[in-house]
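Please consult the sequence and structure shown here alongside the text.

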Amino acid sequence: MNWWTETSGTELGLLLLALVLCSFIGLERQFRQKSAGFRTHVLVGTGSAAFTLVSGFGFSAVLGLDTTLDPSRIAAQIVSGIGFLGAGLIFTRRDSVRGLTSAATVWVTAAVGMAAGSGLVSLAIGMTATHLLVMFVLGPIAAALPTRDTKRVLRITYVDGQGVLRRLLAAATQEGASTFIFATRRLDDSDLVQLDARFKGGGRLSSLVPVLDEIDGVRSVEVRASDETDEEEDSSDD
């Protein structure tokens, strides 16, 4: 039996296209050191392309001419399966949610693979270019836009005498944020210090909170409105 058919070259070409395009997306994720990196995105994209190719060409040799199939059924199942995979990348910690962008990127990668497997070459290339445009161009622009977070401060409670403050300042600087400390106080009968600081720059404050919260010695990180802190300072002066 001859396994090489007229469509074999086309199928391998589309699979290779999915591999190349999804590699660009995976390299971007690997460069940013995300949990879902190069291998994950390449496997998701090529797997989606393979499923799509099976849906379109896989049953033609075993079915009669009078049999009708719906190729979109496998495509719908790919979307559902990727939804479960993306959910595994999202996790919450207190009031912050992380992993949404990684989950969305995996979802886009599956779409690129499906488009390539369907023979929609221009759509697959366009989606890959759109992803890179959003991540490298539009993303930094959106992060630089002023938000309500710039009018808020963080109240951080940490253990004194362990160099936590130094690590806090270093972590904020690494995230591109400038730190302005305007109040510190020691909690009664404990080794805990409460610090009020405003962080400017470096994107949204909500993305900085989990970074600071994961530092050893930090007990809590709270987002507070600046006017709340001002009222507490006024009351402490009375």
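The model is predicted: local features require pLDDT of at least 70, side-chain atom pairs count only at pLDDT 80 or more, and totals for chains, interfaces and linings use all residues. Residues are numbered from 1 along each chain as its sequence is written, and side-chain values use heavy atoms, with hydrogens and water left out.

**Overall fold**

- The protein chain contains eight helices and six strands, where helices (H or I, at least four residues) and strands (E, at least two) are DSSP runs numbered from the N terminus.
- Read from the N terminus, the order of elements is α-α-α-β-β-α-α-β-α-β-β-α-β-α.
- Of the 238 residues in the protein chain, 33% are buried; buried means under 20% relative accessible area, exposed means over 50%, and partly exposed lies in between (1.4 Å probe, protein chains only).
- Among contacts in the protein chain with a separation of 6 or more, 67% are between residues 24 or more positions apart, a contact being heavy atoms within 4.5 Å.
- The protein chain has an accessible surface of about 14500 Å², and 58% of that surface belongs to carbon and sulfur atoms; areas come from the Shrake-Rupley method with a 1.4 Å probe, and for residues only the protein chains shown count as cover.

**Salt bridges**

- Five salt bridges are present in the structure, each defined as a side-chain nitrogen of Lys or Arg within 4 Å of a carboxyl oxygen of Asp or Glu.
- R155 and D196 form one of them, with their closest N and O atoms 2.8 Å apart.
- This pair links distant parts of the chain, 41 residues apart: R155 belongs to strand β3 (residues 152–159) and D196 to strand β5 (residues 192–200).
- Both R155 and D196 are buried.
- Salt bridges with shared partners connect E28, R29 and R32 in one network.
- E28 is buried at 2% relative accessible area, R29 is buried at 2%, and R32 is partly exposed at 31%.

**Aromatic rings and the nonpolar patch**

- The charged end of R32 also sits over the ring of F136, 5.2 Å from its centre; the criterion is NZ of Lys or CZ of Arg within 6 Å of the ring centre and within 35 degrees of the ring normal.
- F136 contributes to a nonpolar surface patch of about 660 Å², together with F31, L133, V134, V137, L138 and I141.
- Such patches comprise residues with over 30% relative accessible area and no salt bridge, with nonpolar side chains (Val, Leu, Ile, Met, Phe, Trp, Tyr) joined within 5 Å and like charges within 9 Å.
- Helix α5 (residues 121–144) supplies the most to this patch, giving six residues.
- V134, in helix α5, is partly exposed at 37% relative accessible area.

**An enclosed helix**

- Helix α7 (residues 205–213) is largely enclosed by the rest of the structure, because seven of its nine residues are buried.
- The buried residues of α7 are L205, L208, V209, P210, V211, L212 and D213.
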